[in-house]
Amino acid sequence: MIKGKVMLIGPIGSGKSTLTKRLLKDPSPVTKTQALSYSDWIIDTPGEYSENPMFYRSLIATSLEARVLLVIQDATKALQSLPPNFSGGFPIVPLGVITKIDLPDADIVRAERLLRQVLPHQAIFRVSSVTFEGVSELREEILRHL
Ligand SMILES: Nc1nc2c(ncn2[C@@H]2O[C@H](COP(=O)(O)OP(=O)(O)O)[C@@H](O)[C@H]2O)c(=O)[nH]1
Ligand SMILES: [Mg+2]
């Protein structure tokens, strides 16, 4: 029985919901995330919540229900919308996750640099929800904290 929860945050389309399915080993298709989405041990969030400061209070309030925070960075994107050190005030274990490392235009060095603005010191994992590379390592690290 897993007691704690992990919460995923990051921009629209960065791969949060697909990664959620992979972590849960749930083969069902991903649909657009319209609201906070609770499953057994994962809280998936709409990308709008990470892109619009109006929703930050909601993210922070919801993070109180979680033990681990995954900050998601798309390896193919040159943007990270969250403000510097966003999770600094969260009483939570933050981990960085770079998604879509399977794509030809993935730039992992750039992705790490962007993620470091949000998470200056925490561990960063690299995953693909298509090839499943890195997913079991990430799952193990999350479960160590739950
Ligand atoms: N190639 C590739 N595509 C991915 C990966 N993860 C997600 N995607 C695709 O990226 C798009 C957005 O994914 P989604 O999980 O809905 O993003 P969310 O808005 O952050 O929940 C979808 O078309 C996914 O199939 C990945 O690791 N590799
Ligand atoms: Mg989603």
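Here is a friendly set of questions and answers about the predicted model shown above.

Colleague: Before we start, how are residues numbered, and what pLDDT do local features need?

Modeller: Residues are numbered from 1 along each chain as its sequence is written, chains are lettered from A and ligands numbered from 1 in the order in which they are written, and side-chain values use heavy atoms, with hydrogens and water left out. As this is a predicted model, side-chain atom pairs count only at pLDDT 80 or more, totals for chains, interfaces and linings use all residues, and local features need pLDDT of at least 70.

Colleague: Is Ser-17 buried or exposed?

Modeller: Buried means under 20% relative accessible area, exposed over 50%, and partly exposed in between (1.4 Å probe, protein chains only). The areas come from the Shrake-Rupley method with a 1.4 Å probe, and for residues only the protein chains shown count as cover. Thr-33 has a value of 14% and is buried. Ser-17, at 13%, also counts as buried.

Colleague: How many salt bridges does a search of the whole structure find?

Modeller: A salt bridge is a side-chain nitrogen of Lys or Arg within 4 Å of a carboxyl oxygen of Asp or Glu. One of them pairs Lys-21 with Asp-26, with the closest N and O atoms 3.6 Å apart. In that pair Lys-21 is buried at 18%, while Asp-26 is partly exposed at 26%. The search of the whole structure finds six.

Colleague: Which residues do salt bridges that share partners join into one network?

Modeller: Asp-74, buried at 4%, meets Lys-77 at 3.9 Å, N to O. Asp-74 also forms a salt bridge with Lys-100, at 3.0 Å between the closest N and O atoms. This second pair links strand 4 (residues 68-74) to the loop between strand 5 (93-99) and helix 4 (108-118), 26 residues apart. The network is made of Asp-74, Lys-77 and Lys-100.

Colleague: What is the phi of Lys-100?

Modeller: Most residues other than glycine have a negative phi. Asn-85, in the loop between strand 4 and strand 5, has a positive phi of about 55 degrees. Lys-100 is not a glycine either, and its phi is positive, at about 65 degrees.

Colleague: Which residues form a negative surface patch?

Modeller: Patches are made of residues with over 30% relative accessible area and no salt bridge, with like charges joined within 9 Å and nonpolar side chains (Val, Leu, Ile, Met, Phe, Trp, Tyr) within 5 Å. Asp and Glu count as negative, with the charge placed at CG of Asp or CD of Glu. One member, Glu-137, is found in helix 5 (residues 135-145) and is partly exposed at 47%. The patch is formed by Asp-102, Glu-133, Glu-137 and Glu-140.

Technical notes: Helix = DSSP H or I, 4+ residues; strand = E, 2+ residues; numbered from the N terminus.
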